[in-house]
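Hi,

Here is the structure I said I would pass on to you.

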Amino acid sequence: MKCIIIGLGNFGMALAQRLTAMGYEVIGVDKDIDKVNAYKDSIKNTICLNLNNEQAARNLPLKDADLNIVSLGKDAGASILTVAILKQNGAKRIIVRAISTLHKTVLEAMGITEIIQLEKEYADFFATKTELTTLIYSYQVSPDYYIYEMKLPPAFVGRRLGDIKLEKDFSLKLIAIKHYDRDEEKGYLRMELLEEVSDDFVVNANDVFILFGKRNRFRVLSRN
């Protein structure tokens, strides 16, 4: 998959390096030549380019790219102009980092449906983690429903899964369990993803449960 990332700040750079490691054909774009040179070894392709006009955009393979990410994190005006130029030049899928609510509103008015709000999303996650201390990862499916990766409260450790009754008592759907067991020969924890789990499964302290349900039901679970 070919991906163009415009803006190699901390987020854009980290994302470009991660996608490169995952096998994406990444083109990293920034107007700062120092950033372009700094990351040329960890990103497959880097280009020094200022997308202030349509002519500059023609230097990018926008129509060939499967994914275009605008991660300009300081200047909302530059981000909006870049998005407009990408759309005008036939860019396919566009994902944009929004730096404010107003910026997000303008992007939505431009027809952008995939918008990242890093600060808000992490603040929501961290606020939830302060309450659910065993939370590892969360994904919002809808305004009411979430998928959480979390360890069960200590009171559940050592109990059979059939006795916990996640769906009946807590209205939480079990998707899978990341079961960690110690490899005695190699001396480290080994993870096995369990999609079908019997009622006789005994919860241990390292198990990570992937659960689906309403946020308030997770709160009920955490109080046990």
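How many residues does helix 4 have, and how far does it reach from its first C-alpha to its last? Helix 4 runs over residues 76–88, so to speak a stretch of 13 residues, and it reaches 18 Å, close to the 18 Å expected at 1.5 Å a residue. Before going further, please keep in mind that this is a predicted model.

Which residues of helix 4 are buried? They are Ser-79, Thr-82, Val-83, Ile-85 and Leu-86. As for what covers the buried residues of helix 4, the list includes strand 1 (2–6), helix 3 (54–57) and strand 4 (67–70). Strand 5 (93–97) and helix 5 (101–109) are also among the elements that cover them.

The two ends of helix 4 are worth a look too. At its start, the backbone nitrogen of Gly-77 has a side-chain oxygen of Asp-75 within 3.0 Å. After helix 4 comes Gly-90, with a positive phi near 80°.

One is Lys-165, at about 55°. You will find Lys-165 in the loop between helix 7 (161–164) and helix 8 (166–170). Is Lys-165 buried, partly exposed or exposed? Its relative accessibility is 35%, so Lys-165 counts as partly exposed. The other is Ser-171, which also has a phi of about 55°. Ser-171 lies in the loop between helix 8 and strand 9 (173–183), and with a relative accessible area of 44% Ser-171 is partly exposed.

The largest pocket has a volume of about 900 Å³. It is lined by 24 residues, and the closest to its centre are Glu-121, Tyr-122, Ser-138, Tyr-139 and Gln-140. Which elements give two or more residues to this lining? They are helix 5, strand 6 (114–116), helix 6 (118–131), strand 7 (135–140) and strand 8 (145–150). Helix 6 gives the largest share of the lining, with seven residues.

That is what I have for now.

Best wishes

Technical notes: Residues are numbered from 1 along each chain as its sequence is written. This is a predicted model: local features need pLDDT of at least 70, side-chain atom pairs count only at pLDDT 80 or more; totals for chains, interfaces and linings use all residues. Side-chain values use heavy atoms; hydrogens and water are left out. Helices (H or I, at least four residues) and strands (E, at least two) are DSSP runs, numbered from the N terminus. The expected span of a helix is 1.5 Å times one less than its number of residues. Buried means under 20% relative accessible area, exposed over 50%, partly exposed in between (1.4 Å probe, protein chains only). Contact means heavy atoms within 4.5 Å. A polar contact is a pair of N or O atoms within 3.5 Å; within protein, one must be able to donate a hydrogen and the other to accept it, and residues adjacent in sequence count only if both atoms are side-chain atoms. On a 1 Å grid over the protein atoms alone, a cavity is a set of points where a 1.4 Å probe fits but cannot get out, and a pocket is an open set with protein on both sides within 12 Å along at least five of seven lines; lining residues have an atom within 4 Å of a point. Grid points are joined across faces, edges and corners, and a volume is the space filled by probe spheres set on the points.
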